[in-house]
Amino acid sequence: FFSLMARGELLKFYDEYSDQYRELLEEVEYRIPNWLRDQATFFHDGATGLDLGCADGMVGEVINGAITPERVQFTGADVSTKMVEACTRNANYVAAHQVDLSSGLSPELKAKQFDTVTAFGCLEFIENHSRLLDDISEVLKPGGHFLGSFELWTPPSDVDMFGAKKQLHTEDSVRRLLEDQGWRLVKGNVEESAYVYDGIPITYFLVVAQAALPQP
């Protein structure tokens with residue numbers, strides 16, 4: 001899967017683009033922000049959110065822009081130190097942490113609880129999704145929501161990125177992952193061109209899942 005060399009190339013790429021990230025999103029025709037705005041009802045004033053693969057804080061900006069004047073207090077996590085620095089400067093985030101999600105959440109994050117957890121544009125670079133979702137279950141409050149993107153397998157999109165294969169899914173395999181956590185799939189949308197990579201449309205399964213409520 002992602003070797004140390006491939007992971008180094010990935011880090012180098014995101015570090016270099018940390019101050020041009022919005023331009024990069026426009027260049028690749030990134031459609032996640034439009035979908036996210038429609039999910040604003042899953043966030044509420046005073047809520048806490050953990051944004052995995054936060055980059056420069058796009059998710060927090062989109063959500064807080066959609067529910068103004070209410071505010072969600074976001075905490076970011078990203079493997080790129082430069083992206084973490086950029087996210088720290090984003091007023092929608094109370095903190096941002098450098099975390100290699102391929103090893104799961106950091107002890108510091110595991111000590112917290114969040115109303116929502118988001119993970120967009122990052123899961124395909126992580127091999128063990130079950131382990132990461134186990135960690136997310138630990139920090140997601142009962143009844144809280146997980147919103148994320150899982151790249152679906154299609155012949156054109158099964159290409160190397162940074163010299164390594166991505167972790168791709170089918171809709172059924174994503175549903176099983178969520179069910180294994182005891183989460184209820186609230187919404188699932190297939191976006192056939194979530195962004196364009198080297199002329200290839202990348203397909204995402206965009207999900208909203210809810211953690212179980214405590215039994216009375």
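**Close-up views of a predicted model**

**View 1. Lys110 and Asp135 form a salt bridge.** The side chains of Lys110 and Asp135 meet at 3.4 Å, N to O; a salt bridge is a side-chain nitrogen of Lys or Arg within 4 Å of a carboxyl oxygen of Asp or Glu. Lys110 belongs to helix α6 (residues 107-110) and Asp135 to helix α7, so the pair ties together parts that are 25 residues apart in sequence. Helices (H or I, at least four residues) and strands (E, at least two) are DSSP runs, numbered from the N terminus. Asp135 is buried, with a relative accessible area of 6%, whereas Lys110 is partly exposed at 34%. Buried means under 20% relative accessible area, exposed over 50%, and partly exposed in between (1.4 Å probe, protein chains only).

The model is predicted: local features need pLDDT of at least 70, side-chain atom pairs count only at pLDDT 80 or more, and totals for chains, interfaces and linings use all residues. Residues are numbered from 1 along each chain as its sequence is written, and side-chain values use heavy atoms, with hydrogens and water left out.

**View 2. Arg22 forms a salt bridge with Glu61.** The closest N and O atoms of Arg22 and Glu61 are 3.2 Å apart. Arg22 lies in helix α2 (residues 21-27) and Glu61 in helix α4 (residues 58-66), so this pair links parts that are 39 residues apart in sequence. Arg22 counts as partly exposed at 28% relative accessibility, and Glu61 is partly exposed at 36%.

**View 3. Arg31 and Glu191 meet in a salt bridge.** The N to O distance between the two side chains is 3.5 Å. Arg31 is in the loop between α2 and α3 (32-37) and Glu191 is in strand β6, so the pair ties together parts that are 160 residues apart in sequence. Arg31 has a relative accessible area of 37% and is partly exposed; Glu191, at 24%, also counts as partly exposed.

**View 4. Seven strands make an open sheet.** The strand order is β3-β2-β1-β4-β5-β7-β6, with mixed pairing; two strands pair if DSSP finds at least two bridges between them. At the edges stand β3 (93-98) and β6 (184-197), each with a single partner strand, so one side of each is left without a neighbour in the sheet. β2 and β3 pair in the parallel sense over five bridges, and Ala77 stands opposite His97 in β3.

**View 5. Asp78 lies in strand β2 (residues 73-78).** Asp78 counts as buried, at 8% relative accessibility. Its side chain reaches the backbone nitrogen of Ala55 at 2.9 Å. Leaving aside neighbours within four places in sequence, Asp78 is in contact (heavy atoms within 4.5 Å) with residues including Gly53, Cys54, Met83 and His97.

**View 6. Helix α8 (residues 171-180) lies across β5, β6 and β7 (200-210).** The buried residues of α8 are Ser173, Val174, Leu177 and Leu178. They cover an arc of only 140 degrees around the axis, which puts them on the same side of α8; the arc is that of the directions from the helix axis to the C-beta atoms. These buried residues pack against α7, β5, β6 and β7. The face turned away from the buried side carries the exposed residues Asp172, Glu179 and Asp180. Just after α8, Gly182 takes a positive phi of about 80 degrees.

Key
Polar contact = N/O pair within 3.5 Å; in protein donor to acceptor, adjacent residues only side chain to side chain. Axes fitted to C-alpha atoms, helices over the stretch in contact; angles between N-to-C directions.
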